Amino acid sequence: PGKVAVMSMAQLEFAGVPSPVVLPFGFFPLIKGKSSGLIFPASYDYNEQFGLGFREVGYYFPISNSVDLRVTGDIYTRGTHALRINTTYKKRYGYSGNFRLGYTNNIIDDLRTGGKQSSRSFNIALTHNQDSKAHPFRRMGGSINLQTNRYDQRTFENPVATFTNTISSNFSFSHDMPGTPFSFNAEFRHSQNTQTRLVDITLP
């Protein structure tokens, strides 16, 4: 009890549809807490340019009680591929957030030369939220989202990303100086137009 689950004969089902595969018995360990494991594809996709593909297949790593790591990617039969690294962190009464790295390489046939045409995109994103109880005088938080070559449209192919032409970042740090009339504030701002590819950055 509490260590292993024993199963008798069972018939496998996929999406509620019975299959001809029958297992005579099975043993399954009962593990408490988080554990590493495979992430099965979130969807199976077919694209005329890319071919047959698997989306969001990868592996999950529970690094600690406060930090985890998710590595997923996409792969298509005609060479297109993508990789995403997503880590989430949280400290009670301190802070929480996540950090994401993304890379995609769309490969399509070049009708003029008969070869392959490659289009790479990158993404760096950070979200950090500080708990109100973390520090009485110091505050830091916000979001950062940097992309190249229309990363959202090329990677996820969703209608919302197609009509979103502007991405922005806003990350700030402030520190009060009790007993004095002074305080310190610094802010990083970023605005990027995916159509014109113009980037405006405001540094502290």
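**Close-up views of charge pairs, rings and surface**

View 1. D74 and R55 are both buried (under 20% relative accessible area; exposed is over 50%, partly exposed in between; 1.4 Å probe, protein chains only). The model is predicted: local features need pLDDT of at least 70, side-chain atom pairs count only at pLDDT 80 or more, and totals for chains, interfaces and linings use all residues. Residues are numbered from 1 along each chain as its sequence is written, and side-chain values use heavy atoms, with hydrogens and water left out. A salt bridge joins D74 to R55 (a side-chain nitrogen of Lys or Arg within 4 Å of a carboxyl oxygen of Asp or Glu). Their closest N and O atoms are 3.5 Å apart. D74 belongs to strand β8, residues 67–76, and R55 to strand β7, residues 51–61. Strands are DSSP runs of E, at least two residues; helices are runs of H or I, at least four; both are numbered from the N terminus. The D74–R55 pair thus bridges distant parts of the chain, 19 residues apart.

**View 2. E56 meets R84.** These two side chains form a salt bridge, 2.6 Å from N to O. E56 sits in strand β7 and R84 in strand β9, residues 81–91, so the bridge ties together parts that are 28 residues apart in sequence.

View 3. K116 and D109 make a salt bridge of 2.7 Å, N to O. K116 counts as exposed because its relative accessibility is 56%. D109, at 39%, counts as partly exposed. Elsewhere, salt bridges with shared partners join D45, R55, E56, R70, D74 and R84 into one network. The structure holds eight salt bridges. Side chains of opposite charge can pair when their charged atoms come close.

**View 4. An edge-to-face ring pair.** The whole structure contains seven aromatic pairs. In the pair of F25 and F27, the ring centres are 6.0 Å apart and the planes lie at 70°, so the geometry is edge-to-face. Rings of Phe, Tyr and Trp (its six-membered ring) pair if their centres lie within 6.5 Å; planes under 30 degrees apart are stacked, over 60 edge-to-face, the rest tilted. F25 is exposed, at a relative accessible area of 54%. F27 is also exposed, with a value of 54%.

**View 5. A nonpolar surface patch.** L38, F40, Y59, F61 and I63 make a nonpolar patch of about 560 Å². Patch residues have over 30% relative accessible area and no salt bridge; nonpolar side chains (Val, Leu, Ile, Met, Phe, Trp, Tyr) are joined within 5 Å, like charges within 9 Å. Strand β5, residues 37–39, holds L38. This leucine, L38, counts as exposed because its relative accessibility is 63%.

**View 6. Surroundings of V67.** V67 is placed in strand β8. With a relative accessible area of 27%, V67 is partly exposed. Residues up to four places away in sequence aside, V67 touches P62, T87, T88 and Y89 (contact means heavy atoms within 4.5 Å). T88 is 21 residues from V67 along the chain, yet their C-alpha atoms are separated by 5.7 Å.

**View 7. G2 and K32.** G2 lies in the segment before β1, which covers 4–7. G2 counts as exposed, at 53% relative accessibility. In sequence, G2 and K32 are 30 residues apart; in space, C-alpha to C-alpha, they are 9.3 Å apart.

**View 8. The chain around the close-ups.** The protein chain has two helices and 15 strands. Its radius of gyration is 23 Å, well over the 17 Å that the globule rule gives for 204 residues, so the chain is more spread out than a compact globule. That radius is taken over C-alpha atoms, and the rule is 2.2 Å times the number of residues to the power 0.38. The C-alpha trace spans about 75 × 65 × 25 Å along its principal axes. Of the 204 residues, 27% are buried. Among contacts with a separation of 6 or more, 39% join residues 24 or more positions apart. The chain exposes about 14100 Å², with 61% supplied by carbon and sulfur atoms (Shrake-Rupley method, 1.4 Å probe; for residues, only the protein chains shown count as cover).
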